Amino acid sequence: CFQVFLLAVALQLGACQPKQGEKPEFVLRFGHLANRDHGWHQASLKFAEEVKKRSNGRIEVKVYPNEQLGKEMDVLTGLLVGSADIMITGESLQSWSLPKSILCATPFAIRDSDHLKKVAGGPLGEEIEQHILDVAGFRPIAWFERGARNLTANRPIRHPDELQGMILRVPAVSLYVDTWSALGAKPTPMAFSEVFTALQQSTIHGQENPFALIKDAGLYEVQKYCMLTEHVKSWAYVVMSNKKYEMLPADLQQVIDEAAAVMQEYEHELFLVQEKEDYQFLLDKGMEFIEVDKQAFREAANRAVMEAFDADQIDLLNRIQQV
Ligand code: 2Q2
């Protein structure tokens with residue numbers, strides 16, 4: 001009987017530190033839109049591994065690539081209702097009454113990678129993160145630099161004048177709709193997981209994304225030309241439901257913060273290598289890269305941005321450009 005008692009005590013103590021095969025205390029569902037080859041996925045897995053290790057198995061992170069947890073806009077809702085806990089997002093946050101969030105992906109706002117790091121990783125980035133947390137309850141836990149967004153299509157385009165009538169898929173981001181409308185295209189918002197099929201079936205004529213997604217989603221199979229518009233240099237956020245974060249005891253919140261920092265650094269290393277490899281890959285697959293009249297794109301886009309932005313957004317844009 002005493003042995004049974006001891007066993008019960010041992011089991012109780014053991015509950016704080018689950019061994020392999022035991023149930024974790026918390027399961028966090030982490031969704032993103034990229035596929036398994038993308039750096040985002042590898043970074044998410046790294047996060048899961050770090051969290052497991054650092055929490056001694058008390059937290060399990062389940063990663064869902066390819067919008068398997070839902071389309072980006074649906075997963076954002078999921079964070080609020082509890083069907084998702086962590087996701088990778090960015091400019092789509094604009095639709096969540098988060099006007100400052102679009103500054104992470106405003107056309108022609110960021111000069112280069114150095115500028116991006118200073119903004120995203122500096123006080124202005126903090127201001128944007130705080131805004132996202134305070135207004136929407138999404139807690140940014142990491143940010144990822146992305147490659148420049150480039151336009152793809154099945155005909156070469158060198159000047160905005162050639163965009164007339166082109167049905168162009170954009171993510172659900174109103175500033176992208178405004179900008180591409182001003183440039184002359186017919187932008188149509190669509191979830192990323194639907195883009196390949198829509199291109200294949202010609203319900204859309206083009207799309208715009210960094211090399212990494214053009215490669216990993218196989219878009220080069222259905223798009224011949226990649227226009228080097230580089231119209232958006234952006235970063236993405238890994239956000240966690242703040243409600244979920246606050247349910248965790250302080251030591252586990254610390255685990256999340258530390259694992260997120262490891263993930264951010266790891267993703268950046270992957271990004272630096274993959275950005276170059278992805279370009280070469282697309283070239284080898286027969287994609288043709290087209291130089292564009294960037295000044296013409298920039299001027300038309302800038303006008304559209306100034307028209308779409310309110311005073312606070314213009315103020316933040318000015319401060320970003322002064323960095
Ligand atoms: O084209 C896409 O769907 C992505 O590259 C988007 O930029 C991304 O998902 C944003 O919507 C992030 O909020």
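In this structure, an N or O atom in the side chain of R169 sits 2.7 Å from an oxygen atom of the ligand, a polar contact being a pair of N or O atoms within 3.5 Å. This is a predicted model, with local features needing pLDDT of at least 70 and side-chain atom pairs counting only at pLDDT 80 or more, while totals for chains, interfaces and linings use all residues. Residues are numbered from 1 along each chain, and side-chain values use heavy atoms, without hydrogens and water.

- For S92, a side-chain N or O atom is 2.5 Å from a ligand oxygen atom.
- T89 places a polar side-chain atom 3.4 Å from an oxygen atom of the ligand.
- The protein buries 98% of the 330 Å² that the ligand exposes when taken alone (Shrake-Rupley method, 1.4 Å probe).

**Two packed helices**
- Helix α5 (residues 123–136) packs with helix α12 (residues 311–322) at about 150°, their axes 10 Å apart; helices are DSSP runs of H or I, at least four residues, and axes are lines fitted to C-alpha atoms over the stretch in contact, with angles from 0 to 180 degrees between N-to-C directions.
- Therefore α5 is roughly antiparallel to α12 (over 145 degrees).
- L124, E127 and I128 of α5 meet L316, R319 and I320 of α12, with contact meaning heavy atoms within 4.5 Å.

Conventions
Angles under 35 degrees count as roughly parallel, over 145 as roughly antiparallel, 65 to 115 as roughly perpendicular and the rest as oblique. A polar contact is a pair of N or O atoms within 3.5 Å; within protein, one must be able to donate a hydrogen and the other to accept it, and residues adjacent in sequence count only if both atoms are side-chain atoms.
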